[in-house]
Amino acid sequence: MKLKNYFYGFLTALVIILATNYLLTANANTPLFQNSVIDNSIAQVSNNPKFAIPIECKLDQDCFILLYSDRDPSPKAVDFGCGRQTYDGHKGTDFAISDEKIMAKGVAVEAVAPGKVLRVRDGISDRRIKNQADKDAVKNIECGNGMVIDHGNGWETQYCHLRNGSVVVKPGTVVKAGTELGMVGESGLASFPHVHLSFRYQGEIVDPFVGVNAKSGCNTARNSIWQQPLNYKPTGFIRSGFADAAPTMDDLWSGKFYDTVLPGNSAALIFWVQIYGVLPGDEEHYQLFAPNGDRVIDNKKKIKSAKKTWMGYVGKRNNSQSLAKGKWRGEYSLTRGDKVLVNVRKEVQLN
């Protein structure tokens, strides 16, 4: 009887030892046994993550950064490069495209890192904000169409101003870096076609060009969280072309004047340029050449005030069909000090 009791006691002890060893092993290797529960559907970014850009384009070729985060806590505004390409309270980076014609063709907005979609909004119409009435119409929906994505480890991204009806994800969608989310648009508080991207770490806004816990202002250490090096470019080219009448900024954002051939009886021949980030003292140089090579316009002028976006033009009226038929050429440069920042050459056929 005693031998039988010893045997059962031995088996019981062996079972306890094996069970304890299994639980300890499981505790060490199974996330569900950790103190905090991890949602395995969210791909966790590292503690020092790097993020892609949120738009399918070649930066500074067919898209550009127009506005940066405001780093001045006062009512004034300054971007991380100590420049003016921001406005008071701007909390993200605006990746822009040239106009609504390109917007209509479709430029994809993409996830910047793996994650899980938390919130989505669609159904807000696209329209450029031009006045106070337009601003009032989008009160409380300033972001327009967009989404928030959780990347794990305290990181979130928010995407704003997507094109109406273009959003292709929903809450709970798991994404990879590069997953299409929708298309660039002008919904919400948008005065040009772009996607606004903002980063949050543990609930706090992060300027991606300087990184986490950076002090206010522009004279601070830069620990970029971008995957690829993104140079600070506060001044650059948007587009240029020819028109038969004086253009407006509204015309250009709308996508007018892409023609490379104009009728010979056009009322005028206008060479125009649209750029961003001009400063007082910048010098513009416009030249217009006739089909025979004669330079018919040679115009230099200084810019008097800083502008986040800028448009200028020169041209000739077609009095009594005085404009020769053939290929005309426009040339433009923007110079700051001894440095040429923008250099453009454009041709049009006058038939």
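Reader: Which strands make up the open sheet of 3 strands, and in what order do they lie?

Author: This is a predicted model. The order in that open sheet is β11-β13-β16, and the pairing is antiparallel.

Reader: Which strands of this sheet stand at the edges?

Author: The edges are β11, residues 236-243, and β16, residues 307-317. Each has a single partner strand, so one side of each lacks a neighbour in the sheet. On average, neighbouring strands here are turned by 15° against each other, with direction ignored.

Reader: Now strand β18. Which strand runs parallel to β18, and how many bridges join the two?

Author: That is β12, residues 261-262, joined by 2 bridges to β18, residues 339-350. V261 has Q349 of β18 as its bridge partner.

Reader: How many bridges are there between β17 and β18, and in what sense do they pair?

Author: There are 11 bridges, and the pairing of β17, residues 326-336, with β18 is antiparallel.

Reader: Which residue takes a positive phi in the hairpin of β17 and β18?

Author: G337, with phi near 65°. The hairpin has 2 residues between its strands.

Reader: On to pockets. What does a probe show when it is rolled over the atoms?

Author: A probe the size of a water molecule, rolled over the atoms, shows where empty space is left. In this model, the largest pocket holds about 830 Å³ of space. Its lining has 41 residues, and L67, Y87, H90, D94 and F192 are the closest to the centre.

Reader: Which strands supply at least two residues each to the lining of the largest pocket?

Author: These are β1 (64-67), β6 (155-162), β9 (194-201), β13 and β16. Strand β9 gives the largest share, 4 residues. Two of the contributors, β13 and β16, also belong to the open sheet described above.

Reader: How is the lining of the largest pocket divided by class?

Author: It has 17 nonpolar, 14 polar and 10 charged residues.

Reader: What is the volume of the second largest pocket, and which residues lie nearest its centre?

Author: The volume is about 380 Å³. Of the 17 lining residues, R71, I205, V206, D207 and A214 lie nearest the centre. Strand β10, residues 204-206, gives the most to this lining, with 3 residues. By class, the second largest pocket is lined by 5 nonpolar, 6 polar and 6 charged residues.

Reader: Finally, the whole chain. How many helices and strands does the protein have, and what share of its residues is buried?

Author: There are 4 helices and 18 strands. Of the 351 residues, 44% are buried. Among contacts with a separation of 6 or more, 70% join residues 24 or more positions apart.

Technical notes
Residues numbered from 1 in each chain as written. Predicted model: local features only at pLDDT ≥ 70, side-chain atom pairs only at ≥ 80, totals over all residues. Heavy atoms only, no water. Pairing = 2+ DSSP bridges. Axes fitted to C-alpha atoms, helices over the stretch in contact; angles between N-to-C directions. 1 Å grid on protein atoms, 1.4 Å probe; cavity = no way out; pocket = protein on both sides within 12 Å on 5 of 7 lines; lining within 4 Å. Points joined across faces, edges and corners; volume = space filled by probe spheres on them. Nonpolar A, V, L, I, M, F, W, Y, C, P; charged D, E, K, R; others polar. Buried < 20%, exposed > 50% of the residue type's maximum accessible area, 1.4 Å probe, protein only. Contact = heavy atoms within 4.5 Å.
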